[in-house]
Amino acid sequence: MKTVIKSILAFVVLLMVNACSSTQSLQEYYVDNSDNPNFISFDIPTSILNIKDPGLSQTQKEAIESFKKLNILAFKKNADNAADYIVEKAKLKNVLKADKYTELMKFNTSFGKATIKYLGDEDAIDEVVVYADNKEKGFAIVRVLGNNMNPAHLVELINALEKSNYKGQGLDRLKKILE
């Protein structure tokens with residue numbers, strides 16, 4: 001009887017250990033580093049985009065409604081934090097390797113290398129993650145959060161932004177990293 005009880009207890013402990021995953025989520029990474037002086041962290045809500053054009057197509061309106069906000073976290077590298085840059089970059093890449101993210105594309109930009117991943121189904125995306133890295137300047141991670149975003153809607157959202165009065169408000173701090 002004692003053996004059965006010990007086996008059951010061991011099984012329960014094993015289940016609890018498995019349930020408490022040691023892999024950090026992207027949200028936890030954001031929260032853990034939001035007050036870190038090496039990082040710049042801010043959110044941009046959809047209301048700041050000021051998209052109220054009556055000439056928008058139904059698809060553009062649906063795209064805007066599915067989009068909720070941007071979370072931006074950027075590490076500005078300098079001579080004093082070069083070692084921290086290596087550590088934080090490795091941590092973030094480990095978080096992004098999680099099976100739950102599906103890679104959409106990789107490309108090179110004037111800033112550096114970039115990767116786009118998403119969370120959710122192909123036709124109902126809940127989160128798009130853009131990771132950009134530059135060995136001299138640092139890295140940035142942008143989370144585009146929404147509900148059931150459609151990949152085609154992202155293009156429509158960009159088209160709607162071009163028609164809007166949005167002039168980049170809220171992105172000043174990110175521009176400092178890119179310069």
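**Salt bridges and a charged pocket**

A search of the whole predicted model finds 3 salt bridges. Side chains of opposite charge can pair when their charged atoms come close.

One of the pairs sits within a helix. Lys-91 forms a salt bridge with Glu-88, with the closest N and O atoms 3.4 Å apart. Both residues belong to helix α4, where 3 residues, about one turn of the helix, separate them. Lys-91 is partly exposed, at 40% relative accessible area. Glu-88 counts as buried, because its relative accessibility of 9% falls under 20%.

Asp-133 pairs with Lys-89, the closest N and O atoms being 2.7 Å apart.

Glu-127 and Arg-143 meet through their side chains at 2.8 Å, N to O. Here strand β5 supplies Glu-127 and strand β6 supplies Arg-143, 16 residues apart. Glu-127 is buried at 6% relative accessibility. Arg-143 is also buried, with a relative accessible area of 6%.

The second largest pocket has a volume of about 330 Å³. Its lining comprises 15 residues, and Lys-93, Lys-106, Lys-113, Thr-115 and Tyr-131 lie nearest the centre. Helix α4 and strands β3, β4 and β5 each give two or more residues to this lining. The largest share, 4 residues, comes from β4. By class, the lining holds 9 charged, 3 polar and 3 nonpolar residues.

Glu-136 lies in the loop between β5 and β6. Glu-136 is exposed, at 62% relative accessible area.

Methods
Residues are numbered from 1 along each chain as its sequence is written. This is a predicted model: local features need pLDDT of at least 70, side-chain atom pairs count only at pLDDT 80 or more; totals for chains, interfaces and linings use all residues. Side-chain values use heavy atoms; hydrogens and water are left out. On a 1 Å grid over the protein atoms alone, a cavity is a set of points where a 1.4 Å probe fits but cannot get out, and a pocket is an open set with protein on both sides within 12 Å along at least five of seven lines; lining residues have an atom within 4 Å of a point. Grid points are joined across faces, edges and corners, and a volume is the space filled by probe spheres set on the points. Ala, Val, Leu, Ile, Met, Phe, Trp, Tyr, Cys and Pro count as nonpolar, Asp, Glu, Lys and Arg as charged, and the others, Gly among them, as polar. Buried means under 20% relative accessible area, exposed over 50%, partly exposed in between (1.4 Å probe, protein chains only). A salt bridge is a side-chain nitrogen of Lys or Arg within 4 Å of a carboxyl oxygen of Asp or Glu.
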